[in-house]
Amino acid sequence: MGRAGMMLWALAAACLAGVSGDEFSVLRSPQSVVFRDGIWPIPGDRIPDIAALSMGFSVEEDLSWPGLAVGDIFHRPRATVLVTVKGVDKLAMPKDGISYPVENAVPFSLDSVANAIHTLFSEETPVVLQLAPSEERVYMVGKANSVFEDLSVTLRQLRNRLFQDNSILSSIPLNSLSRNNEVDLLFLSELQVLHDISSLLSRHKHLAKDHSPDLYSLELAGLEEIGKRYGEDSQQFKDASQILADSLQKFADEMYNLYGGNAVVEVVTAKTFDTPLVRKSRSILQTAESTSYNLGYSYNFNYAVIFNIILWLMIGLALAVIVISYNLWNMDPGYDSIIYRMTNQKIRMD
């Protein structure tokens, strides 16, 4: 192999190394959403657009990514579940799914998808849940407030939830993990959140059968903290990675079945993010009185129709008043008014 060939091979290897780390995995998806099997890198900042397009929403900038086909445009999924796992570039999922490399992983949010749902389905109050347990950040809108009102979200609530009788500690093999370590408990509490979400939703199955799409966005950082605490070569990190992979697949199957096979469940694994995510969110540490977001009313697509109806109706009424007033002002009582003419005839007859 010549020097030029060696340089080309090194360049190709460098390109593959730049996109082969972090992954975007599709664990479950309905037949109406078609993900093609192939090695097509996904730009990290376009992951929300992929979620929006899979739900049938439009995006501001065209996405020329061959991994997502058109699919059935008349049958869109009733839910999208996106779980972001920090601290690992990939997980060994127990089932065969479709995975794509993520190029230039940057922090992202599904706020644009949530806004699209609010705009198009504002009257049906869909379920929108965005949760980051380790950061104590939660955002619930619509019917999610009633479905997940008992969901543990603060670190103290999660810790207490773990030591209840029906927690995951009685069903998950801890192996090298410990119940007495705060880092391990943080990781296990995130798994408890996954279990509780599907459990609470199973009590309100009718919400998974309505016509409005639901959105679940979860950020898990417990595995990253275990890697920092024990090291990525430790047995604790290996056991936690396997436990998380099994729990995510179980969670995906449960959510998929609750929505009758009409839900997309995706997982994004990112070793590190290049830049921090700057966003406005409501902290769960805020008081109940400060839950007002001071946001404007959501735009409704019927606004333009209603505005035009009212506008032209008012213009028509104004023109009618002007024409009638003008004719009344210039009317000849003896000639134009039927009242005066009939009165004159009656006087003549008398």
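Guide: R28 stands opposite V265 in strand 8, where strands are DSSP runs of E of at least two residues and helices are runs of H or I of at least four, both numbered from the N terminus. This is a predicted model, in which local features need pLDDT of at least 70 and side-chain atom pairs count only at pLDDT 80 or more, whereas totals for chains, interfaces and linings use all residues. Residues are numbered from 1 along each chain as its sequence is written, and side-chain values use heavy atoms, with hydrogens and water left out.

Strand 1 (residues 23-28) and strand 8 (residues 263-270) run antiparallel and are joined by 5 bridges; two strands are said to pair if DSSP finds at least two bridges between them. Within strand 8, V267 is the bridge partner of S25. Strand 1 is also joined to strand 4, again antiparallel, by 4 bridges, and I98 in strand 4 is the bridge partner of V26.

Strand 3 (residues 79-86) holds T84, which is buried at a relative accessible area of 5%. Apart from neighbours within four places in sequence, T84 is in contact (heavy atoms within 4.5 Å) with F108, L218, E219, L220, V268 and F273.

N104, which is not a glycine, has a phi of about 55°; N104 sits in the loop between strand 4 (98-103) and helix 3 (111-120) and is exposed, with a relative accessible area of 53%. E136, also a residue other than glycine, has a positive phi near 50° and lies in the loop between strand 5 (128-132) and strand 6 (137-141), but E136 counts as buried at 14% relative accessibility.

Among the helices, helix 8 (residues 235-258) has 24 residues and reaches 34 Å from its first C-alpha to its last, close to the 34 Å expected at 1.5 Å a residue, the expected span being 1.5 Å times one less than the number of residues. Because 17 of its 24 residues are buried, helix 8 is largely enclosed by the rest of the structure. Just after helix 8, G260 takes a positive phi of about 65°.

To place the sheet in its setting, the secondary structure of the protein chain comes to 10 helices and 8 strands, and 43% of its 350 residues count as buried. Of the contacts in the chain with a separation of 6 or more, 77% are between residues 24 or more positions apart.

Note on methods
Buried < 20%, exposed > 50% of the residue type's maximum accessible area, 1.4 Å probe, protein only.
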